[in-house]
Amino acid sequence: KFVEKNIVRGIRSGITSRIATARTREKAMERIVPKTGSVFLSWMLGEVNVRVFTPTDLDNIKEQFINFKTRMTYYYIAIPAMVLLIQHNPTFFRHTHWSMIFLQVFLLDYYTTLSIRSLVLKMNGSKMMDWWIYHHYLSMLMAVVFLTWPDAPVYNAYKMQYVMYILFQGFVQLLQNNYQRARHYTSRALGHAGSMDVPMTETITEVPSLLLVVVIYINQFLQIYNGSSLLYTVCTELRLLQPLGNYKEELQCFAIGVLVITVGIGNFLATTYTLL
């Protein structure tokens, strides 16, 4: 019986070892299997392999993302501030609507580029939450809808509130990115962050300070408030139940309201999930 037990243990140990070895090889094969990424990435880049295998190239992709996000965060503050200055000086700037168009073109370019870079990072091992990819898609769609919104009464009443929110969001991103960079090396040392995770808002790996958490939640509640105010305006000042030929800004107002609320709720749930 003793011999039989040892034989059974040896067989079990051998099977377990072989299973572990097979799983390790499977994971290693997954790392080298070419990937074209999502439908969006395939559409933008074509059917190309976005997997990178050398450590130098992986570090370069990550550093390029960090540099891009850091640089664009400052633009995210400077451009809305410039738009506010122009909009508040209509006598000096004879025509000001071009500044709003410029802001939306910037946001469309920013979120399109950010989507591509984020997807490449995720394909190469980043623990980026899927929601942030969808957030970039929705933000791109919002910029497109804004570009089709005519210079109409509701648009003129809402645009300053919107630009001030974008400016506030830029400052929140700056604070959040600075905190993440300060804590990133500690996160890596503790094993909370992987080698392809970036110290930016897309891959939060630690609970931020209480003050930063409050500021982040204020930003998200403002998003939901902005969207709700637009939907309230649709119900009180505009008419959706009319022939499409009579529409002026009804569709844009309704679409932006729904999109902003969706983004605000999604950001709130993603942040809460991270904290929990």
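**Fold, surface and selected residues**

Modeller: This is a predicted model, in which local features need pLDDT of at least 70 and side-chain atom pairs count only at pLDDT 80 or more, while totals for chains, interfaces and linings use all residues. Residues are numbered from 1 along each chain as its sequence is written, and side-chain values use heavy atoms, with hydrogens and water left out.

Colleague: What pattern does the protein follow along the sequence?

Modeller: Helices (H or I, at least four residues) and strands (E, at least two) are taken as DSSP runs, numbered from the N terminus. The protein has eight helices and zero strands. Read along the sequence, the pattern is therefore α-α-α-α-α-α-α-α.

Colleague: How far apart are the end C-alpha atoms of helix H4?

Modeller: Helix H4 covers residues 97-123, which is 27 residues. The expected span of a helix is 1.5 Å times one less than its number of residues, so H4 should span 39 Å. The model agrees with this, as the end C-alpha atoms of H4 are 40 Å apart.

Colleague: Which side chain meets that of Asp-130 in a salt bridge?

Modeller: A salt bridge is a side-chain nitrogen of Lys or Arg within 4 Å of a carboxyl oxygen of Asp or Glu. The structure holds one such bridge, with an N to O distance of 3.1 Å. The partner of Asp-130 is Lys-122.

Colleague: Is Thr-233 buried or exposed, and what is its relative accessible area?

Modeller: Buried means under 20% relative accessible area, exposed over 50%, and partly exposed in between (1.4 Å probe, protein chains only). Thr-233 has its place in helix H7. Thr-233 is buried because its relative accessible area is 15%.

Colleague: Which residue's backbone oxygen does the side chain of Thr-233 reach?

Modeller: Contact means heavy atoms within 4.5 Å. Leaving aside neighbours within four places in sequence, Thr-233 is in contact with Val-154 and Leu-238. At 2.8 Å, the side chain of Thr-233 reaches the backbone oxygen of Ser-229.

Colleague: What accessible area does the nonpolar patch with Val-214 have together?

Modeller: Such a patch is made of residues with over 30% relative accessible area and no salt bridge, with nonpolar side chains (Val, Leu, Ile, Met, Phe, Trp, Tyr) joined within 5 Å. Val-214, in helix H7 (residues 210-236), is partly exposed at 39%. With Leu-210, Ile-218, Leu-222 and Tyr-225, Val-214 forms a patch on the surface. By the Shrake-Rupley method with a 1.4 Å probe, the accessible area together is about 490 Å².

Conventions: Patches are made of residues with over 30% relative accessible area and no salt bridge: like charges are joined within 9 Å, nonpolar side chains (Val, Leu, Ile, Met, Phe, Trp, Tyr) within 5 Å. A polar contact is a pair of N or O atoms within 3.5 Å; within protein, one must be able to donate a hydrogen and the other to accept it, and residues adjacent in sequence count only if both atoms are side-chain atoms.
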